[in-house]
Amino acid sequence: MRSFAPVLTVVGAIMVIWYGAAVALNSSWAYDKAKRADVTLSFSEMVADTMAQKKPLLPAPHQVVAEIYKTTVLKKITSKRSLIWHGWVTLSATLLGFAMGTGFGILLAVGIVHSRAMDMSVMPWVITSQTIPILAVAPMIIVVLNAVGISGLLPKAFISMYLSFFPVVVGMVKGLRSPDAMQMDQMRTWSATQSTMLWKLRLPSSMPYLFPSLKIAMAASLVGAIVGELPTGAVAGLGARLLAGSYYGQTIQIWSALISAAVLAATLVALIGLIQNITLKRMGMLR
Amino acid sequence: MSKEVIIETKGLDLTFETNDGPVHALKDINLTVEKGDFISFIGPSGCGKTTLLRVIADLETPTGGTVSVNGVSAHEARMARAYGYVFQAAGLYPWRTIGGNIKLPLEIMGYSKDGQEERVSKVLELVELAGFEQKFPWQLSGGMQQRASIARALAFDADILLMDEPFGALDEIVRDHLNEQLLALWARTHKTICFVTHSIPEAVFLSTKIVVMSPRPGRIADVIESTLPKERPLEIRDSKEFIEIAHRVRDGLIEGHSNG
Amino acid sequence: MSWIIGALLFWAAMWLLNVQLSKRPQTRALSLLVPLIFGVTLLVLWEGMVRGFQISPILLPPPSAISVRFANSLPILWVDFVQTFVKGAMSGYIIGCGSAFLMAIAVNRSPFLQRGLLPVGNFVAALPIVGMAPILVMWFGFDWQSKAAVVVVMVFFPMLVNTVEGLKASDHMQRDLMQTYGASYWQGLMKLSLPAAMPFIFNGLKICSTLALIGAIVAEFFGSPIKGMGFRISTEVGRLSLDMVWAEITVAALAGSAFYGVVALIEKRVTFWHPSQRG
Amino acid sequence: MNRLLTTALAGVLALGTSVAHAADDVSLQLKWVTQAQFAGYYVALDKGFYSDEDLNVTIKPGGPDIAPAQVIAGGGADVVLDWMPSALASREKGLDLVNIAQPFKTSGMMLTCRKDAGISSPADFAGKTLGVWFFGNEYPFLSWMNKLGLKTDGSDGGVTVLKQGFNVDPILQGQAACVSTMTYNEYWQIIDAGLTADDLVVFKYEDQGVATLEDGMYVLGENLKDAAFKDKMVRFVRASMKGWKWAEANPDEAAGIVLDNDASGAQTEEHQKRMMREISKLTSGSNGALDPADFQRTVDSLMSGGSDPVITKQPVGAWTHEISDAALN
């Protein structure tokens with residue numbers, strides 16, 4: 001309970017600010033409308049109006065919640081209007097991209113740790129790669145992949161991978177180098193091969209570094225999937241919901257897609273946290 | 001003719017509330033420290049010797065009894081900067097030079113710039129670190145770092161020096177050397193020193209009074225007044241007198257343990 | 001075909017050269033030269049593949065065409081750079097990181113707020129903030145202010161979480177020491193907490209430096225005046241001037257890397273004492 | 001996944017009916033997201049007009065950052081829908097796009113302005129902020145401004161151009177005096193948002209004499225040398241036009257079909273029905289064949305750009321009647 005009270009307080013404060021901002025931002029439209037209809041609004045009427053506009057500048061929280069409820073619980077999962085369906089589309093690209101990014105990141109890190117040439121030449125470019133605005137490249141990636149006959153889930157997953165491999169490389173290079181000189185020397189006294197050292201020492205000791213990186217990678221991967229859905233047109237997925245919502249000024253839809261994406265991200269990150277706890281406990285790295 | 005009382009505790013009690021229930025750390029501690037004393041607290045780990053030092057320093061608040069330092073409460077004494085404190089580890093700031101670290105308390109206490117420089121060079125000489133002012137802590141050995149942290153505690157005008165196992169992590173040779181230096185320093189500065197240790201020879205070699213503590217709950221088992229002279233070369237540790245006092249301390253420790 | 005084989009051979013040769021170079025004792029020049037050779041190799045490989053496979057310049061222009069376009073379009077690139085990087089990204093970065101820093105200091109005094117804000121902050125930091133871009137463009141207009149706003153929102157929480165984490169980084173003993181000096185809260189903050197937090201703060205600043213430019217560019221996709229890197233990229237893709245698009249991407253990569261480099265350099269200066277920097 | 005299943009099913013059915021040969025695959029890249037603007041193709045797919053012609057058609061929705069010309073250059077589609085100015089500009093970049101059919105006779109593009117921003121005629125544009133779509137859609141606007149003698153680079157006496165996102169917010173928020181709208185889409189979003197027709201002034205490109213041909217079907221010129229491809233296109237155009245005419249006759253059902261095909265689930269029935277009616281007005285004048293006079297008018301308008309024309313030389317071979325003639329006669 002001790003840890004819930006502060007969180008609830010902060011969330012409560014955000015809600016209050018949100019409602020206040022909704023009234024403030026939406027009021028001008030309410031007054032505008034009233035002026036054109038030649039009626040004067042009392043304050044309470046104005047507030048009521050700001051809470052119930054169809055396309056508000058900032059929808060009130062309960063409008064978003066109602067929209068999410070309507071598009072998750074009340075719609076069949078297979079329906080194209082179901083947020084769960086769209087969430088699934090995004091999730092599948094996210095997970096595929098995450099898996100590819102993690103695999104690629106770990107391979108790259110292993111290479112960097114074992115080869116000085118790779119360490120010196122590749123590492124600076126890994127950092128540079130993240131300064132390229134991926135959204136700018138995303139449509140081109142998709143078109144180029146299309147040209148070689150890859151379409152659908154994979155192009156989005158590639159963008160996810162592009163964003164998610166970076167934290168994994170950085171974390172794993174640190175982790176694979178974390179065994180200290182004594183532990184390495186110990187291995188050498190047993191004349192262990194490079195690969196034995198990797199499997200028996202480097203990889204196990206990198207676990208505490210791997211999981212925090214995975215959390216960041218997962219969040220980045222979700223951003224990648226959503227970004228990948230933005231320019232490829234409003235086909236399906238949370239990104240497409242965002243885009244279509246923006247295109248038709250459906251702010252409530254934008255916010256509900258955003259919040260769902262946030263919940264998805266939080267769930268995925270929490271899941272990794274859970275796996276982290278179990279793994280590290282088994283390995284005796286967690287008290 | 002009685003000497004001035006510097007630290008006095010009456011019926012001191014401290015219970016920590018932990019997740020596993022209350023832990024009785026200190027029980028009914030009555031202690032008097034007089035001016036110029038060198039007091040050692042000795043006992044097995046968990047006997048509350050560090051806690052007692054922290055209560056005197058107002059880093060912990062007792063749940064019962066009173067502490068007075070320099071005739072005022074421990075809190076007032078801390079605010080009046082009545083003591084210097086040396087921790088188990090040197091705890092120097094890595095981003096400050098040795099000189100900068102020693103200046104730290106002076107800056108906080110608002111000493112003038114010139115005064116700061118003067119004191120830094122004075123205390124660095126006291127701990128034999130002159131010339132290391134511009135070095136960073138991580139460029140020094142462990143023993144040198146600990147000496148710098150003692151210098152930091154000496155830099156301002158406090159008559160009391162509280163030391164919590166300051167040499168615990170050092171090897172014996174360095175430790176012997178620092179013990180000698182500490183005695184010389186004490187003789188020169190006439191400070192009152194409270195010193196926590198778990199080494200019997202160290203306690204006997206340094207102290208005028210040895211407080212033997214026993215665990216669960218932490219309490220005073222015995223107080224032994226040292227009969228050794230003020231001038232103590234290292235060889236004194238081979239003297240009969242020294243061995244006798246050490247025996248008494250050991251007996252006190254064993255007795256306290258079996259009673260506990 | 002000869003282009004492809006040539007490029008692959010060049011790749012192999014340069015890689016061998018790099019392997020040899022990296023075995024030498026490490027010097028400053030060498031640690032710049034090796035990645036540079038690798039970068040050039042990538043470009044040559046790219047050029048060779050584009051020419052060898054005769055990839056349409058509408059899909060992927062060769063680096064030579066991009067560099068020609070780059071050299072010929074400096075004034076436009078400069079205008080876009082100022083609009084997006086200087087006005088959008090930098091102002092957003094400064095405002096966002098600055099306010100997050102102040103917020104962290106405010107929160108630092110209250111353990112209650114810390115316990116409440118950190119989980120929420122972590123949650124929001126994991127949010128696809130990019131999705132807020134259309135909303136913020138709607139609120140703050142189409143000029144650079146809305147781009148700065150997107151950047152502010154993007155960098156705020158990573159910076160906040162890192163700074164709060166950092167302010168807790170000083171160890172118990174050091175805080176006790178401050179207590180024994182009877183130091184005030186502000187003295188403790190200035191002399192202990194802030195210096196000890198610097199590695200974390202710079203970690204946040206580095207993360208945010210890559211986020212800032214991406215945020216500013218992405219926001220321009222949702223409405224902008226007719227200048228800016230994001231505007232140019234999206235418009236020129238529509239006009240099939242892919243060489244111009246890649247020229248802008250080059251600017252973005254250069255600016256982003258330089259920005260990151262500057263922050264890393266300042267970090268080296270400020271946190272010289274940290275084990276990771278002593279190396 | 002659903003679509004994959006339906007196409008697979010359709011494939012199986014096609015196999016069942018005509019075991020002799022498999023249906024020919026055709027993929028169509030739309031210019032924008034799934035909406036009634038493309039009703040004809042969805043109707044043709046849904047009503048089986050394509051499978052009647054032994055075609056297996058895949059419709060790929062577009063989006064704000066999908067350049068159809070780039071997609072076709074990358075081999076991602078056989079046919080793309082594009083606007084004539086953008087297609088001609090791509091031709092100048094070396095991409096051999098050829099118009100094979102033109103279902104849209106009239107342009108739906110217009111500039112919608114707020115009266116309270118002080119605009120009643122194009123003469124009032126100077127000094128105002130105008131919202132424009134880019135991504136290849138800016139050419140008609142630029143040639144119009146050229147005709148009016150207004151500078152678009154932000155210099156004095158000209159207009160301030162704002163790159164409009166994919167919505168009409170700038171006019172609602174008062175950030176722009178005018179925004180680009182289509183008669184069938186964005187205009188109604190402004191109305192839906194609460195502004196009334198009385199609050200607005202509209203300038204149709206058609207009325208201003210700067211209209212260009214929208215949503216034509218384009219293929220790569222080199223493909224047209226292949227007889228089999230040509231035959232496929234003839235069947236495709238025939239089925240598509242059948243779809244268009246069906247959609248014109250049954251607008252509500254057509255809108256329903258579009259909604260069924262909208263994977264984003266963001267479209268509303270009301271909006272799509274209305275859009276379908278507006279679209280019908282634009283397609284009704286066309287039988288699918290490109291009117292060379294319309295083409296020439298577009299070209300002239302694009303080349304009149306003074307110092308900065310959209311295209312610099314008279315395009316040759318940018319359209320053909322070969323396919324539409326074979327399809328429609």
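Domain bounds here come from an automatic or database domain assignment. With that in hand, chain B splits into domain 1 (1-82 + 161-171 + 181-260) and domain 2 (88-157). This is a predicted model, where local features need pLDDT of at least 70, side-chain atom pairs count only at pLDDT 80 or more, and totals for chains, interfaces and linings use all residues. Residues are numbered from 1 along each chain as its sequence is written, chains are lettered from A and ligands numbered from 1 in the order in which they are written, and side-chain values use heavy atoms, with hydrogens and water left out.

**View 1. Here is where domain 1 of chain B meets domain 2 of chain B.** The C-alpha centres of the two domains of chain B sit 25 Å apart. On the domain 1 side, 12 residues are in contact (heavy atoms within 4.5 Å) with 15 residues of domain 2. Together the two domains bury about 1,200 Å², 62% of it on carbon and sulfur atoms; buried area is the accessible area (1.4 Å probe) that two parts lose on being put together, summed over both. Look for Arg81(B), Gln181(B) and Leu185(B): this trio supplies 42% of the area that domain 1 buries against domain 2, more than any other three residues.

**View 2. Now for the polar side of that domain boundary in chain B.** Between domain 1 and domain 2 of chain B there are 2 residue pairs in polar contact, both residues at pLDDT 80 or more. A polar contact is a pair of N or O atoms within 3.5 Å; within protein, one must be able to donate a hydrogen and the other to accept it, and residues adjacent in sequence count only if both atoms are side-chain atoms. Strand S7 (160-164) and helix H6 (172-189) of chain B each supply at least two residues of the domain 1 side; helices (H or I, at least four residues) and strands (E, at least two) are DSSP runs, numbered from the N terminus.

**View 3. This one shows chain A against chain C.** The contact draws 48 residues from chain A and 47 residues from chain C. About 4,100 Å² is buried between these chains, with 84% of it on carbon and sulfur atoms. Within chain A, Met120(A), Thr131(A) and Met140(A) lose the most area to chain C, together 15% of what that side buries. Across this interface you'll find 0 salt bridges, but 3 residue pairs in polar contact (both at pLDDT 80 or more). Several helices of chain A each supply at least two residues to the side touching chain C, including H1 (4-36), H5 (116-129) and H6 (134-147). H5(A) gives the largest share, 10 residues.

**View 4. Last up is the meeting of chain C and chain B.** Chain C brings 18 residues to the contact and chain B brings 26 residues. The area buried between them is about 2,100 Å², and carbon and sulfur atoms give 67% of that. There are 2 salt bridges between these chains. One to zoom in on joins Arg54(B) to Asp176(C), with the closest N and O atoms 2.7 Å apart. On chain C, helix H8 (172-180) and helix H9 (185-220) are the elements that give two or more residues to the side touching chain B, and H8(C) gives the most, with 7 residues.

Note on methods: A salt bridge is a side-chain nitrogen of Lys or Arg within 4 Å of a carboxyl oxygen of Asp or Glu.
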